[in-house]
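Student: Hi! Could you walk me through this structure?
Tutor: Happy to, let's take a look together.

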Amino acid sequence: TGNIGGDGVLSSDSDDTTVTGNTISNTKTTGSDVGSGVHILNGDRANVSDNTISNAGWDGVKLTASNNSKVGSNDITNVSRDGVYTKWAPQVDILGNSIVGAGRYGVEVQNSTGVGNMTIDGNTIDTIGLDGIRVESSDDVVITDNTIGYGADGLFGTADDTTIGRD
């Protein structure tokens with residue numbers, strides 16, 4: 001897809017959504033919170049994997065109130081805000097993504113508390129405006145084996161029970 005005035009793929013109030021193998025480019029923001037490559041809103045057990053997302057007007061992949069989901073093996077480049085953004089989304093695995101060129105954060109996790117861990121593992125993050133990985137007001141986050149490169153401040157966290165290893 002290309003030159004979209006809004007989200008490339010939006011799944012709202014739907015569980016068990018799979019978004020895989022797509023090329024999504026040139027989404028445009030039409031206001032606050034729109035213009036992401038993929039946006040899963042209020043949907044549990046989503047799988048967003050093996051997509052190529054470029055030039056998004058908001059986030060590369062955005063999960064809002066989407067529990068027990070996976071964001072894995074996506075190639076995300078040149079997004080205005082965050083490569084992967086989650087809010088109110090516990091039990092999410094963010095695994096093996098390549099994120100190059102994000103205006104704010106490579107991965108941002110906000111207000112994700114509840115049962116089970118969130119795992120951020122094996123991601124390559126480079127050319128970022130602020131923090132490579134930002135965790136805020138979230139519990140039980142495990143951050144391991146990520147590569148954070150040029151332009152990123154590394155990790156920022158205000159979370160309880162967060163484990164950081166080999167980053």
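**Strands, core and salt bridges**

Tutor: Strands pair here if DSSP finds at least two bridges between them. This is a predicted model, where local features need pLDDT of at least 70, side-chain atom pairs count only at pLDDT 80 or more, and totals for chains, interfaces and linings use all residues. Residues are numbered from 1 along each chain as its sequence is written, and side-chain values use heavy atoms, with hydrogens and water left out.

Student: Which residue in β16 is the bridge partner of L95?
Tutor: That is D121.

Student: And what does β13 pair with over 4 bridges?
Tutor: Strand β10 (residues 69-72), again in the parallel sense. There, V71 stands opposite I94 of β13.

Student: Which residues of β13 are on its covered face, and which on the uncovered one?
Tutor: β13 spans residues 92-95, with V92 and I94 on the covered face and D93 and L95 on the uncovered face. In a regular strand, side chains alternate between the two faces of the sheet.

Student: How many helices and strands does the chain have?
Tutor: It has 0 helices and 22 strands. Both are DSSP runs numbered from the N terminus: helices are H or I with at least four residues, strands are E with at least two.

Student: What share of the chain is buried?
Tutor: Of its 167 residues, 47% count as buried. Buried means under 20% relative accessible area, exposed means over 50%, and partly exposed lies in between (1.4 Å probe, protein chains only).

Student: What about the largest nonpolar core, how many residues does it have?
Tutor: It has 29 residues, and V61, V84, V107 and I120 have the most contacts inside it. A nonpolar core is a set of buried Ala, Val, Leu, Ile, Met, Phe, Trp, Tyr and Cys residues joined through side-chain atoms within 4.5 Å.

Student: What is I120 in contact with?
Tutor: Leaving aside neighbours within four places in sequence, its contacts include I94, V107, V109 and I133. Contact means heavy atoms within 4.5 Å.

Student: Switching topic: is S49 buried or exposed?
Tutor: S49 counts as buried because its relative accessibility is 7%. This residue lies in strand β7 (residues 47-49). Leaving aside neighbours within four places in sequence, S49 is in contact with V19, T20, G21, G72 and N74.

Student: OK, salt bridges now. How many are there?
Tutor: The count comes to 9 salt bridges, each being a side-chain nitrogen of Lys or Arg within 4 Å of a carboxyl oxygen of Asp or Glu. One of them joins R104 and D82, at 3.1 Å from N to O. That pair links distant parts of the chain, 22 residues apart: R104 is in the loop between β14 (98-102) and β15 (107-110), and D82 is in the loop between β11 (75-79) and β12 (84-87).

Student: How accessible is D82?
Tutor: D82 has 0% relative accessibility, so D82 counts as buried. R104, at 25%, counts as partly exposed.

Student: What does R134 form salt bridges with?
Tutor: R134 meets D131, with the closest N and O atoms 3.4 Å apart, and also E136, at 3.2 Å. R134 is buried at 14%, as is D131 at 9%, whereas E136 is partly exposed at 24%.

Student: Which residues are linked in a network of salt bridges?
Tutor: D59, R81, D82, R104, E108, D131, R134 and E136.
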